[in-house]
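Hello,

Here is the structure I promised to pass on to you. Please have a look at it first, and my notes on what turned up follow below.

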Amino acid sequence: MAPRLDFSDWWAKDTRKGTPVVVKMENPNYSVLEIDGPDSAFRPVEKSRGKNAKQVTWVLLLKAHRAVGCLTWLATVFWSLLGAIKKRLSFTQPMGSEKLGRDRWLFTAIKLFLAVSLVILGFEIVAYFRGWHYFQSPNLHIPTSTLEIQSLLHLVYVGWLSLRADYIAPPIKALSKFCIVLFLIQSVDRLILCLGCFWIKFKKIKPRFDEQPFRNDDAEGSGFEYPMVLVQIPMCNEREVYEQSISAVCQLDWPKDRILVQVLDDSNDESIQQLIKAEVAKWSQKGVNIIYRHRLVRTGYKAGNLKSAMSCDYVEAYEYVAIFDADFQPTPDFLKLTVPHFKDNPELGLVQARWTFVNKDENLLTRLQNINLCFHFEVEQQVNGVFLNFFGFNGTAGVWRIKALEESGGWLERTTVEDMDIAVRAHLHGWKFIYLNDVKVLCEVPESYEAYKKQQHRWHSGPMQLFRLCLGSILTSKIAIWKKANLILLFFLLRKLILPFYSFTLFCIILPLTMFVPEAELPVWVICYIPVFMSFLNLLPSPKSFPFIVPYLLFENTMSVTKFNAMVSGLFQLGSSYEWIVTKKAGRSSESDLLSITEKEAPNKKSQLLRGVSDSELLELSQLEEQKQAKKPVKKTNKIYHKELALAFLLLTAALRSLLAAQGVHFYFLLFQGVTFLLVGLDLIGEQMS
């Protein structure tokens, strides 16, 4: 309890004068009052009286009412959760629907670990009720004489204690210390990045260019000489978003004779091909220099698509190439904000813009993704761009110097992260990068857990493939030694390999293990203070997301299973490492959706929404909205994720074991983390994919 700052005694001590006066009254109805000092009569009189039985009863009833209210609230939440689970399971795909493939080893290991944990928990419960409380303290007293052995089961339990203390605890301690060291190193790296971001904000550091970079006083007419820019839109079966992307790119503010738009369609659905062709024809009739390309054989995925487009003869006439995925909508001034940085900077190979998300507030999953991506762009990309002139290309919303692409070997089909591949090879050839945090391109993040999980699997398996392939090139390159160290130690090992390794191993494996092996118990600061501090740093670029700090921390630990599995698959070249699945789009930022939003917010500003849209097109949009409303609702199927469910039961088992040992922080962390794994395993987060 905090000390009371009461200076009355001190004040009275200095001002006290005279002698105390005692007044005695003969009437027994009056109490005796001793005046000690001139201000004593004005002090509150402390009354001490005992509580009667009626008061105690009312206090107990009040506490009981509060306890019943708390239990009722917990029961309501639990019942609602069961109802949601029952509703989702009613349209669940069979258990075999998830393609485990060669990743079954991880699921098998988790199931084996769960089975062993249940057996050990059974021993612990029996020991608890029989009074064998040896596990309550790490300093175990293990019976050695036969007189202390009560039964055969007691003998087996004592043998387990000896085995645990002598053979199981030491390797767990060693592994936990190793993971804690990795955890602290990664935390220091994260802290340094945040300090670098603060320094950039404080000094207001950002790339700049001349106000009129393309002005040519020797030229005739307007006096401006714009470079030739090629704009590519790679897509594959993008029914929901193809229209918005083509529309936004075709409205870029750039001379029409100095720009060419390539729509690179890899769709295998003929109906989608026809829709994209019609959209291209519509903009071509409006005077836009746009062409449609379709490959008969879809090899190499996106890298093969871009490589095929760059092999066209007319590409030689262009100096720069801008790339936008199908759900990206650049603003009309995008090229005028990015291309000028190349002028008078012959060493510059890439200008990368920031992503901003139209559906970041759609559900809890999109909010959590927004936290990660805001930190990636605001902190990682910006700091690396300012201090190192190197960062990983994000695959879209960027402008490349075509000469840099050609000298670096062009697009290669050897990994599923062709963007990171070309960035590393360009860096090894001496090209510099610029990141523009103020130039933002609208896009969307996955709204379903299934789409997000597949995206994260590709994003974490591809870097490990690339690390195996380019390690030799990095070591033999002519760049500075500190650049080699940055590529190997920070870019690949620390941020792509160590992060998913320690996150999964420390919080999903070692922590549950320590509940059954208390000799290797993790300290509270490892499972509480440091993770909360790191989550706090991650939320700094998106301050509106601070209420989601606890769900973010729990969800990141949950995603560590997918990231660890992807990392191992890419590092050891397992079958799933070469899997490429196009991320499912919802089309939230389509023109029809924007039209409906604008009609609600500003009914009289309809003409300001679509730039250059005719009345006939608005009629088509209204007809499209009527067709959407007339469609019958489609029942959406849910999936069950084996690994997440197995880990959920494992963590809940460990939580029950920590409850027996009365470990408060460990119990709550394991309980909430297990519930999070359960919700994710039952696909109760994010939207459902029909």
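Let me start with the sheet: seven strands form an open sheet with mixed pairing, in the order β5-β4-β3-β6-β8-β7-β9. Strands here are DSSP runs of E with at least two residues, helices are runs of H or I with at least four, and both are numbered from the N terminus. Two strands pair if DSSP finds at least two bridges between them. β5 (290-294) and β9 are at the edges with a single partner strand each, so one side of each has no neighbour in the sheet. On average, neighbouring strands of this sheet are turned by 20° against each other, direction ignored.

Before going further, please note that this is a predicted model: local features need pLDDT of at least 70, side-chain atom pairs count only at pLDDT 80 or more, and totals for chains, interfaces and linings use all residues. Residues are numbered from 1 along each chain as its sequence is written, and side-chain values use heavy atoms, with hydrogens and water left out.

Now for strand β7 (residues 348-357): nine of its ten residues are buried, so the rest of the structure largely encloses it. Buried means under 20% relative accessible area, with a 1.4 Å probe and protein chains only. β7 runs parallel to strand β9 (residues 432-443), joined by nine bridges, and A353 is partnered with L436 in β9. With strand β8 (residues 398-401), β7 pairs in the antiparallel sense over three bridges; there V351 stands opposite V399.

Finally, the unreviewed UniProt entry annotates "transmembrane region" at several spans, including 105-129 and 522-540; such annotations may be inferred rather than shown by experiment. In the model, residues 105-129 are 100% helix and 0% strand, with end C-alpha atoms 37 Å apart. Residues 522-540 are 84% helix and 0% strand, and their end C-alpha atoms lie 28 Å apart.

Best wishes

Methods: Buried < 20%, exposed > 50% of the residue type's maximum accessible area, 1.4 Å probe, protein only. Axes fitted to C-alpha atoms, helices over the stretch in contact; angles between N-to-C directions.
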